[in-house]
Amino acid sequence: MARSARWNPREKLAERMSSFQNGQLWRSIFRPGSIFRKGYADSPRNRAYVVMNSLLYHLHPVKVKRHGIKLSYTLCLGGLSFFLLILLTITGIYLMFFYRPSVDLVYSDMQRLHTSVSFGLLVRNLHRWGAHLMVITVFLHMARVFYTGAYKPPREFNWIVGVILLLLTLLLAFTGYLLPWDQLAVWAVTVGTEMMKNSPVVGDQVQFALLGGPVIGPETLLRWYTLHVLFLPFIIVIFISIHFWRVRKDGGISGPL
Amino acid sequence: MPTPDEIYEQVLSEETSKGSSPAVAQARAKAARVRAQKGAAKPATPAPEASSGDGDGAQPAAQAEAQPAAQAGAQPAAGATARPAGTATKTKPAAKPAPGNGAPATKTNGGGNGAAVPERVQRLLAVVKPESIQKVERQPMDRVNVWPHLMAAEFLALLVVMALLTFFSVAVDAPLRELANFNQTPNPSKAPWYFLGLQELLRYFHPQVAGVTIPTVIIIGLMVAPFVDRNPSTRPDDRKLAIVLFTFFVMSFAVLTIIGMFFRGPGFNFTFPWYDGIFFEL
Ligand code: HEM
């Protein structure tokens with residue numbers, strides 16, 4: 001028998017893995033230059049391919065100004081806002097599994113989330129603290145952009161998109177605030193929406209449209225839930241896409257000062 | 001004196017006979033035509049320029065366009081000694097004297113015998129002014145690869161924030177008070193913290209001003225800021241006014257928010273948190 005004396009499972013596995021990575025399936029998934037391809041080497045060409053030949057190319061160019069990656073300039077605040085949005089999406093979807101937006105069920109669903117859902121409380125905490133943090137990072141990002149003068153031509157329009165993103169972030173946070181349906185939630189929202197009632201002429205109509213009635217009730221819950229999990233995320237993703245696209249079209253990160 | 005178009009034709013045929021690819025031949029012919037056009041506009045310039053730069057003291061080769069073809073066999077080297085020749089190359093002593101008729105220095109790539117003087121072509125390439133062929137818009141600058149430099153930094157920031165947020169979430173639970181009850185108004189009732197600045201303003205202004213006018217002015221003011229601030233500089237030293245105004249705006253709002261958070265107790269009346277405790281939940 002031509003077999004070697006000792007049968008080495010480890011070696012065998014490595015061999016299998018290697019031939020799998022050389023196979024058609026693996027190579028069809030990971031395009032040339034992917035770090036997951038067999039024989040990835042750290043060459044200038046591959047460094048370009050990692051970005052250029054993958055989905056990343058929608059977010060990043062191959063190269064950026066050296067000054068643009070300095071942490072002291074952007075403080076990574078825009079990137080962190082985006083990361084927090086992704087985190088909120090993931091944790092939010094998990095919460096949706098256990099949440100029914102009907103006034104009879106919602107509060108007991110919240111309690112069950114705390115007591116009998118695996119990681120329910122932790123995920124809720126992540127979602128809530130992450131949301132507060134995102135409001136802060138978006139605001140600080142705006143301040144950074146202002147202090148570096150990055151809103152000046154050609155970036156005026158992206159600043160406007162940014163202001164819309166700030167409003168959308170606040171709206172997402174505020175609509176989410178109602179959903180636990182406890183005393184804290186409904187009264188905070190009552191106070192918040194009382195302010196809009198004061199709009200000239202259409203005040204009452206605005207408040208009626210937002211609450212689905214003259215006061216907070218079951219319609220409000222369903223309405224805000226839909227806004228919070230569907231409508232506003234949808235809109236913010238569109239504006240973020242425009243925002244990122246414009247960052248690149250406006251010549252990458254502004255500066256140096 | 002041939003017109004630029006004639007020069008174009010001439011260089012094109014020379015290049016083609018030399019065996020250059022059509023694209024290269026055309027590009028060289030176009031470049032020669034542009035040079036001829038430029039030279040024709042100010043025919044006097046080539047001579048002094050060339051003589052001043054010519055270290056060898058050889059004849060400046062302000063060369064007539066007809067020359068290259070004629071001398072192709074006999075004097076291939078001469079074609080190279082165009083304007084910058086003095087600085088860039090060693091002019092061969094045998095360089096043919098220029099016809100001396102003040103003809104513009106149209107450095108055609110003439111002398112169809114490229115193989116005999118291989119360096120000649122390269123010298124000419126170095127002479128071509130960029131704007132005669134293409135416009136260079138982007139300045140070269142110091143750039144780094146996104147992978148790994150930017151992505152490593154982003155990933156690190158992500159990990160740090162994720163870690164901090166996880167620790168915080170393990171340590172501190174989100175509040176869940178008793179079931180909503182519309183007959184029992186908590187005292188005080190506070191808006192979420194990011195609206196507390198506005199709620200604070202309600203204490204000082206008519207509801208319509210605090211709840212509608214001021215927020216609208218803020219939003220519109222932010223949106224038009226780039227169009228109002230017409231100062232093109234981004235240096236902090238040049239933008240003192242903008243910085244002072246924005247800082248004042250942010251600070252006022254921060255102060256209002258902090259008062260709303262910690263210094264307002266039952267009835268939204270003023271309290272000191274160290275006497276009466278904190279009436280505030282996130
Ligand atoms: C959901 C909220 C937002 C997200 C996810 C976001 C994301 C980003 C990212 C990733 C960048 C790249 C540079 C950096 O990280 O600093 C950026 C740049 C920029 N952002 Fe935002 N942003 C948001 C909100 C805003 C707001 C509220 C404003 C201003 C009102 C704004 C204005 C700008 C401008 C003008 C730039 C270009 C900055 C430069 O070139 O230096 N963005 N944004």
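Q: At what angle do helix 8 (residues 156-178) of chain A and helix 9 (residues 183-196) of chain A pack?
A: In this predicted model, helices are DSSP runs of H or I with at least four residues, strands are runs of E with at least two, and both are numbered from the N terminus. Axes are lines fitted to C-alpha atoms, for helices over the stretch in contact, and angles between N-to-C directions run from 0 to 180 degrees. On that basis the axes of helix 8 and helix 9 of chain A lie 7 Å apart, and the packing angle is about 135°.

Q: Which word describes helix 8 of chain A relative to helix 9 of chain A?
A: Angles under 35 degrees count as roughly parallel, over 145 as roughly antiparallel, 65 to 115 as roughly perpendicular and the rest as oblique. The angle of about 135° therefore makes helix 8 of chain A, relative to helix 9 of chain A, oblique.

Q: How many nonpolar residues are in the contact of helix 8 of chain A with helix 9 of chain A?
A: Contact means heavy atoms within 4.5 Å, and its residues include A:F174, A:Y177 and A:L178 from helix 8 of chain A, and A:L184 and A:M196 from helix 9 of chain A. Ala, Val, Leu, Ile, Met, Phe, Trp, Tyr, Cys and Pro count as nonpolar, Asp, Glu, Lys and Arg as charged, and the others, Gly among them, as polar. With two polar residues and no charged ones, the number of nonpolar residues is nine.

Q: Which residues of helix 3 (residues 44-52) of chain A touch helix 8 (residues 146-171) of chain B?
A: These helices pack at about 55° with axes 9 Å apart, which makes them oblique. Chain B contributes B:V146, B:W147, B:P148 and B:H149, while chain A contributes A:R47, A:V50 and A:V51.

Q: What is the mean pLDDT of chain B?
A: pLDDT is the predictor's confidence in each residue, from 0 to 100, and in chain B it stays under 50 over residues 44-114. In chain B, 64% of the residues reach 70 or more, and the mean is 75.

Q: Which numbering and confidence rules apply, and what pLDDT do side-chain atom pairs need?
A: Residues are numbered from 1 along each chain as its sequence is written, chains are lettered from A and ligands numbered from 1 in the order written, and side-chain values use heavy atoms, leaving out hydrogens and water. Totals for chains, interfaces and linings use all residues, local features need pLDDT of at least 70, and side-chain atom pairs count only at pLDDT 80 or more.
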